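Subject: Structure handover

Hello,

Here is the structure I promised to pass on. Please open it first, then read my notes below.

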Amino acid sequence: IKYNPFGINRLWPNSYVELFYNSYFNKIYEFEKSPNILEVNQLNRLNLEVWDSFFDTPKIENYNVETIMKKNFYDSIKYDIIIINNKYINDQKILFKLKNLLKARGTIIVEDIGRESKKVINIYINFLIKYNIEIYDYRFNRFILNNSLLLIRKRRHKINIFNVVKNL
């Protein structure tokens, strides 16, 4: 499937669809049966259809980074989930724009972050105060170097120094 342009490249070689998305989206389903999902620069249409199988009638949109960064981008729609690949977050302005598109319980998921320690540290420093940041590392599951996810969620509680140090 990895080399099949019509296959779903999230499932293989990466394992986070099985190990993360199934349980995480079940939790989201409890609160929102039909969430608003934004995929950024998703070229494979089948990857978008995966989310349709998780929820009742989700609103799934796919925009490229250039469209989102335009000043006239329609940003009154708020998203429950925003999914972006790490190669599109070279500029911190992109994540700052995406965070403004989140609902109160919304989450930004950055995929394939396993080999990008500098990006992760920069994100951690810039978002530490107002956002919870978690890393889900599945590199030892299939021994794929970028098989990791970074979650950015709005902070609902006070900062717990132990959790901050643990996540860092």
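First, a term you will need: a residue is buried when its relative accessible area is under 20%, exposed when over 50%, and partly exposed in between (1.4 Å probe, protein chains only). Two points about the source come next. This is a predicted model, in which local features need pLDDT of at least 70 and side-chain atom pairs count only at pLDDT 80 or more, while totals for chains, interfaces and linings use all residues. Residues are numbered from 1 along each chain as its sequence is written, and side-chain values use heavy atoms, with hydrogens and water left out.

The overall picture

The protein has 7 helices and 6 strands. Helices (H or I, at least four residues) and strands (E, at least two) are DSSP runs, numbered from the N terminus. Read from the N terminus, the elements run α-β-α-β-α-β-α-β-α-β-α-β-α. Of the 168 residues, 45% count as buried. Contact means heavy atoms within 4.5 Å. Take the contacts between residues at least 6 apart in sequence: 68% of them join residues at least 24 apart.

The sheet

The 6 strands make an open sheet with mixed pairing, in the order β2-β1-β3-β4-β6-β5. Its edge strands are β2 (59-63) and β5, and each pairs on one side only. Two strands pair if DSSP finds at least two bridges between them. On average, neighbouring strands are turned by 15 degrees against each other, direction ignored. For angles, axes are lines fitted to C-alpha atoms, for helices over the stretch in contact, and the values run from 0 to 180 degrees between N-to-C directions.

Two helices to find on the sheet are α1 and α5. Helix α1 (residues 16-31) touches β3 (79-85), β4, β5 and β6. The direction of α1 makes about 175 degrees with that of β4. Helix α5 touches β5 and β6, and its direction makes about 155 degrees with that of β5.

Strand β6

Look for I135, whose bridge partner in β6 is L150. Look too for Y136, which stands opposite L149.

L149 deserves a click. L149 lies in strand β6. Its relative accessibility is 0%, so L149 counts as buried. Leaving out residues up to four places away in sequence, L149 touches Y16, F20, Y21, I109, V110, E111, I113, E134, I135, Y136 and Y138. L149 and D112 are 37 residues apart in sequence, yet their C-alpha atoms are 6.0 Å apart.

Two residues with positive phi

Most residues other than glycine have a negative phi. D112 is not a glycine, but its phi is positive, about 60 degrees. D112 sits in the loop between β4 and α5. D112 is buried, with a relative accessible area of 10%. N41 is not a glycine either, and its phi is positive at about 55 degrees. The place of N41 is the loop between β1 (36-40) and α2 (45-54). N41 counts as buried at 18% relative accessibility.

Not counting residues up to four places away in sequence, N22 touches V17 and F54. N22 and F54 are 32 residues apart along the chain, and their C-alpha atoms are separated by 8.2 Å.

A helix pair

Two packed helices are described by the angle between their axes and the distance between the axes. The axes of α4 (residues 92-99) and α5 (residues 117-127) come within 11 Å and cross at roughly 45 degrees. The two helices are therefore oblique to each other. Angles under 35 degrees count as roughly parallel, over 145 as roughly antiparallel, 65 to 115 as roughly perpendicular and the rest as oblique. Q92, L95, F96 and K99 in α4 meet N122, I123, N126 and F127 in α5. These contact residues divide into 4 nonpolar, 3 polar and 1 charged. Ala, Val, Leu, Ile, Met, Phe, Trp, Tyr, Cys and Pro count as nonpolar, Asp, Glu, Lys and Arg as charged, and the others, Gly among them, as polar.

Best wishes
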